Amino acid sequence: MSEQEGEEVSEDRRKYEFRKLIEDLQDYSGSGTQLVTIYVPPDKQVSDVVAHVTQEHSEASNIKSKQTRTAVQDALTSIKDRLRYYDTFPPENGLVLFSGAVDSGGGQTKMVTEVLESPPQSIQSFRYHCDSEFLTEPLEHMLADKGLYGLIVLDRREANVGWLKGKRVEPVKSASSLVPGKQRKGGQSAQRFARLRLEAIDNFYQEVAGMANDLFVAQRHELDGILVGGPSPTKDEFLDGDYLHHELRDKVLGKFDVSYTDESGLYDLVDAGSEALADAEIMEDKNLMQQFFKQLNAGEEATYGFEPTRKNLVMGSVETLLISEDLRKDVVTYECSNGHDEREVVDARHETKPHECTECGEEVDASDAERDDLIEHLMNIADQRGTDTKFISTDFEKGEQLLNAFGGVAGLLRYSTGV
Ligand SMILES: [Zn+2]
């Protein structure tokens, strides 16, 4: 099932489809080096790619094994066919093409061609790859990249602010101070010197906060957190004082010791704060699971397991659909000629079997059954009912429980339904 044209695709759904595609591609293997992968950056002309593929096609005629030669040429022809759908340049973030004859069991092969349009991040360089497996590593990196964080490093002499976008550090602004050293010049009174020095420090903290506010306040709603680094007591004075915008102060995940406050300090800060970052990434998941358990214990507005959750979804009573990120199941729908429809959850690799209708005993053939990816099946109903879908990581205890004890599927309800 695919989404209707023009319909807005949710970010969670896009992420899921992307992740699923990578997993499917990883599962394929070909005999010999006959699986072709092509990464096309957005600034590469499609006609150049076609020319490259044509060239490879003619060079493939030198491959000794007839079987491999035919397989590679078929893959290249299939890729060329797909490239016809594109104009001068590929879509926004580029294009990745996969094609080849993959093992389908029992010594058989089948031809697979997949096109990924506009991956989550821009393709950096053109790559032509021929192997016994598809090349998915560059996409796996994109999968791991999530989150937007603000970074601040400072001591009394220097400060840098920047972004952490996924795994990428982006330094943005820096400042250096006019704070005098501790040694006063001759002729200056000790008291006056100390006062001027404190004033200079205060001014510098204000300047640093100004840089951070300029950069982060506008994006505070997308911001997943802020890390502050530097030596003690500078970072403590900075955070304890009223320098940062109050909405940013609530976003501070922690303060960390780093030795440098130049651009390299931003990288050190990400290393030092890695644990806090990992926690922040699953914070929303943790909150949702907490809410689920609270409702479950109250016996009220919660549901779990495939069939009860599906019923609630169809009724429109699910506020938020919770799906374990690691759930990989299919759902087979059997409809007998008396109009009874029943569903069975099966392993994704499991073959579809005939089914006896529990209502009337009629046997429904495997070929008459409809088979969907379980997550897509539920997300499609959720989309029609205005239900939010959230994917829950298994990197914490309650997230693991969702997968292992609740069938990987649960729902927070708008009201109690008794289902
Ligand atoms: Zn029946």
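User: How many aromatic pairs does a search of the whole structure find?

Analyst: Eleven of them. Rings of Phe, Tyr and Trp (its six-membered ring) pair if their centres lie within 6.5 Å; planes under 30 degrees apart count as stacked, over 60 as edge-to-face and the rest as tilted. Before we go on: this is a predicted model, so local features need pLDDT of at least 70 and side-chain atom pairs count only at pLDDT 80 or more, while totals for chains, interfaces and linings use all residues. Residues are numbered from 1 along each chain as its sequence is written, and side-chain values use heavy atoms, leaving out hydrogens and water.

User: OK, what kind of aromatic pair do Trp163 and Phe216 form?

Analyst: Edge-to-face: 5.1 Å centre to centre, with 65° between the planes. Trp163 sits in strand E6 (residues 158-165) and Phe216 in helix H5 (residues 190-216), so this pair ties together parts 53 residues apart in sequence. Those labels are DSSP runs numbered from the N terminus: helices are H or I with at least four residues, strands E with at least two.

User: Is Trp163 buried or exposed?

Analyst: Buried means under 20% relative accessible area, exposed over 50%, partly exposed in between (1.4 Å probe, protein chains only). Trp163 is buried at 6%, and Phe216 is buried at 0%.

User: And how do the rings of Tyr304 and Phe406 sit?

Analyst: Their centres are 4.7 Å apart and their planes at 85°, so that pair is edge-to-face. Tyr304 belongs to strand E10 (residues 302-304), and Phe406 to the loop between helix H13 (397-405) and strand E18 (409-413), so the pair ties together parts 102 residues apart in sequence. Tyr304 is partly exposed at 37%, whereas Phe406 is buried at 11%. Phe292, Phe293, Tyr304 and Phe406 make up one aromatic cluster.

User: On to sheets. In what order do the four strands of the open sheet come?

Analyst: In general, strands of a sheet pair through backbone hydrogen bonds, either parallel or antiparallel. Here the order is E3-E2-E1-E4, with antiparallel pairing (two strands pair if DSSP finds at least two bridges between them). E3 and strand E4 (127-131) are at the edges with a single partner strand each, so one side of each has no neighbour in the sheet. Neighbouring strands are turned by 15° against each other on average, direction ignored. For such angles, axes are lines fitted to C-alpha atoms, for helices over the stretch in contact, and values run from 0 to 180 degrees between N-to-C directions.

User: How many bridges join strand E2 to strand E3?

Analyst: Ten, between E2 (residues 95-105) and E3 (residues 108-117), which run antiparallel. Phe98 has Glu114 in E3 as its bridge partner. Their hairpin has two residues between the strands, and Gly106 takes a positive phi near 65° there. Strand E1 (residues 35-40) is joined to E2 by five bridges, also antiparallel, with Val40 partnering Leu95. Helix H3 (residues 66-83) lies across E1, E2, E3 and E4, at about 140° to E2; contact means heavy atoms within 4.5 Å.

User: How is the pairing in the sheet of five strands described?

Analyst: As mixed, in the order E7-E6-E5-E8-E9 of an open sheet. Strand E7 (168-176) and strand E9 (252-257) are the edge strands, each pairing on one side only. Eight bridges join E6 to E7, which run antiparallel, and Asn160 stands opposite Ser174 in E7. H5 lies across strand E5 (148-154), E6, E7 and strand E8 (225-230), running at about 20° to E6.
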